[in-house]
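Please keep the sequence and the model open while reading this note. The points below go from the overall layout to single residues.

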Amino acid sequence: MSYTPTRSDFDQYMTPNYSPQQVIPVRGEGSRLWDQKGKEYIDFAGGIAVNSLGHCHPVLVNALKEQGDKLWHLSNIYTNEPALKLAKKLVERTFADKVYLCSSGGEANEAALKLARRYAVDHFGEKKDKIISFSQSFHGRTLFTVSVGGQPKYSQGFGPVPGGIMHAEYNDLDSVRALMGDDTCAIMVEPLQGEGGILPAKPEFLKGLRELCDQHNALLVFDEVQTGVGRCGTLYAYERYGVTPDILTSAKSLGGGFPIGAMLATDNVAKSLAFGTHGSTYGGNALGSAVALAALEFIDTPEVLEGIEKRHELFREQLETINRKHGVFQEIRGMGLLIGAQMTPQYEGRAKDILPLAIEEGLMALVAGPNVLRMAPSLVIPESDIVEGMARLERAIEKFVAQA
Ligand SMILES: *Cc1c(COP(=O)(O)O)cnc(C)c1O
């Protein structure tokens, strides 16, 4: 007898660290999903900014199937062709000279932080160990990355945390200057705070961080796990700002749904990740690398990148139209297809209440913190799906306002 899992199986068999929505999607195609009962949804969530080409894009399915018939995994005792092609492409298209491959964003950031510390030890000695990051930032869930992240609720209650970490205020250079010294090893920053509420950096802020790092021989690390690979309309968000980091991390959209992460660095910095200093069993496996290469090659074309800007405008127009009628948002912001709508003070803390109403109407969306409705759809979502999704969102918001 075949068995069909239900949502209550989640509570029975899974650790309780998540609380998923009640429906279980079973199939996806492009920006549409279907649940166990055959109900259809438009996907504005994109697996939290991961499904960069929607669900089951033929280019990714082909890459997966082709590589799946050839070679999956070797370990780092051998190298493989897809990993080398992926690394070459990343080097050719960015500031970086060297690439370290791993399996998630948190791992890419863990590698970046360890590299920054090791670089400081190699060049300036043990005392240069301070890492500056920002309140409300998010960098992953390992103990080092939650400690660097600026949301204490994620790092508290797990015993002693790594030391030498300081938090400044985002978009506030003076707060960074107050902490910066010759013992600063690195600044880690998201060019747009994703989990923290879809807050873009001001251009002068990132430029100022670059200058401070140069003055104090500190490394500038951009966490582009959420903003990278087309999400903000350029391959990486740093291009839009004209500010170049020393280390950059990438994941989410990079694999289009296959778990992969990458840390990119300049040659001089990368030298400190010398033989034996760091590693990952799955990092750079052939299967993941082949899928990521296919995603990257597809996204990194003028047609796709320009299409992201067009879709951004449509999202904004549609959200503003909804808002003129219902007055629930105080600000609509973001870059490319990473869009946030901040709730008005009247609906303080209520953004998440829209999600189940949207599910009822056949729309999947996200929140970023308690006050921001977030959208991170496929970078190639058809315009007709945006329009239809927005009609569903409007119905959900009508219900939300009526209930409030
Ligand atoms: C999602 C995210 C991470 C963590 O990535 P995982 O793949 O969940 O480990 C790190 N930094 C940013 C900015 C993110 O959005």
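1. Contact, as used in this note, means heavy atoms within 4.5 Å. The model is a predicted one, and each value below was computed from it.

2. Start with the overall division. The protein is split into domain 1, made of 7-57 + 304-403, and domain 2, which covers 71-299. Between the C-alpha centres of domain 1 and domain 2 the distance is 27 Å. Across the boundary, 27 residues of domain 1 make contact with 25 residues of domain 2.

3. Next, look at helix α13, residues 354-361. Is this helix mostly covered or mostly uncovered? Helix α13 is mostly covered, since six of its eight residues are buried. The buried ones are Ile354, Leu355, Leu357, Ala358, Ile359 and Glu361. Note that the list of buried residues includes Glu361, and glutamate is classed as charged.

4. What do the buried residues of α13 pack against? Their partners are the strands β3 (40-43), β14 (338-343), β15 (363-364), β16 (366-367) and β17 (372-375), together with helix α14 (383-403). After α13 comes Gly362, which has a positive phi near 90°.

5. The ligand deserves a separate look.

6. A polar atom in the side chain of Asp223 is 2.7 Å from a nitrogen atom of the ligand. In the case of Gln226, an N or O atom of the side chain lies 2.7 Å from an oxygen atom of the ligand. For Lys252, a polar side-chain atom is 2.6 Å from a ligand oxygen atom. On its own the ligand has 380 Å² of accessible area, and the protein covers 80% of this.

7. Ser175 is found in helix α7, residues 173-177. Why does Ser175 count as buried? Its relative accessibility is 15%, and buried means under 20%, so Ser175 falls on the buried side of the cut-off. A polar atom of the Ser175 side chain lies 2.9 Å from the backbone nitrogen of Glu169. A polar atom of that side chain is also 2.7 Å from the backbone oxygen of Asp172. With residues up to four places away in sequence left out, Ser175 touches Ala168 and Glu169.

8. Ala168, one of the residues touched by Ser175, belongs to strand β6, residues 165-168. Ala168 is buried because its relative accessible area is 1%, where buried means under 20%. Its contacts, apart from neighbours within four places in sequence, are Ile132, Ser133, Phe134, Ser135, Ser175, Val176 and Leu179. From Ala168 to Arg210 there are 42 residues in sequence and 15 Å in space, C-alpha to C-alpha.

9. Is Phe124 buried or partly exposed? Its relative accessibility is 40%, so Phe124 counts as partly exposed. Phe124 and Gln156 are 32 residues apart in sequence and 31 Å apart in space, C-alpha to C-alpha.

10. At 44% relative accessibility, Asn217 is partly exposed. Its phi is positive, near 50°, although Asn217 is a residue other than glycine.

11. Ile198 is another point to check in the backbone. What is the phi of Ile198? It is positive, about 55°, and Ile198 is not a glycine. Ile198 is placed in the loop between β8 (192-193) and β9 (199-200). Despite its place in a loop, Ile198 is buried, with a relative accessible area of 0%.

How values were computed:
Residues are numbered from 1 along each chain as its sequence is written. This is a predicted model: local features need pLDDT of at least 70, side-chain atom pairs count only at pLDDT 80 or more; totals for chains, interfaces and linings use all residues. Side-chain values use heavy atoms; hydrogens and water are left out. Buried means under 20% relative accessible area, exposed over 50%, partly exposed in between (1.4 Å probe, protein chains only). Helices (H or I, at least four residues) and strands (E, at least two) are DSSP runs, numbered from the N terminus. A polar contact is a pair of N or O atoms within 3.5 Å; within protein, one must be able to donate a hydrogen and the other to accept it, and residues adjacent in sequence count only if both atoms are side-chain atoms. Accessible areas come from the Shrake-Rupley method with a 1.4 Å probe; for residues, only the protein chains shown count as cover. Domain bounds come from an automatic or database domain assignment.
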